[in-house]
Amino acid sequence: MSQMSMSQLLGLLRVHIHRGVNLAIRDLRSSDPYVIIRMGKQKLKTRVVKKNLNPVWDEDLTLSIVEPLPVKLEVYDWDILSPDDKMGDAEFDFAPFLEAVRMNFEDLPNDTIITTVKPTRTNCLAEESYITWTNGRVVQNMVLRLRNVECGEIEIKLSWINVPGCRDM
């Protein structure tokens, strides 16, 4: 946070990396996958799940948001002796999610759908993604279809963390 003042920060985007489904084989019979997410200069990484094409990470990675840049997600197969193999990538835009956060909901019934984001040629959604009001906060579940690979999907969930002293959205 040293280079960024609190007045520039909008808040924190928590990306819950839930699991991978039907990931590509990059070793003999399996893969040792991990996920990297990047936005601007920020780069965060999950742990490696050994020998699993349907790994469950259940990890929260948190990005500091100054502007809603696209978030790039990359899956790699961890290798000891050689460079890690790519297992596909995806990109997601959280502008619709941010718009829902800006609406400042308070009294909605739990699990109300605020917005539906449909899969298009330009996004990596494998199915419709719902932005909902859940347990007093705006969340978005996404199933991302990996690109540049023969198969695989990653399930993630976005949530927002307001930081006191941040600029108003």
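Select Asp111 to begin, and you will be in the loop between helix H1 (95-102) and strand E7 (112-117), where helices (H or I, at least four residues) and strands (E, at least two) are DSSP runs numbered from the N terminus. This is a predicted model, in which local features need pLDDT of at least 70 and side-chain atom pairs count only at pLDDT 80 or more, while totals for chains, interfaces and linings use all residues. Residues are numbered from 1 along each chain as its sequence is written, and side-chain values use heavy atoms, with hydrogens and water left out.

Most residues other than glycine have a negative phi. Asp111, which is not a glycine, has a positive phi of about 65 degrees. With a relative accessible area of 49%, Asp111 is partly exposed, a class that lies between buried (under 20% relative accessible area) and exposed (over 50%), using a 1.4 Å probe and protein chains only.

Next, select Asn22, which sits in the loop between strand E1 (11-21) and strand E2 (33-39). Its phi is near 55 degrees, again a positive value in a residue other than glycine, and Asn22 counts as partly exposed at 46% relative accessibility.

Finally, show the whole protein, which has one helix and 10 strands, arranged along the sequence as β-β-β-β-β-β-α-β-β-β-β. The C-alpha trace spans about 50 × 35 × 30 Å along its principal axes, and buried residues make up 43% of the 169 residues.
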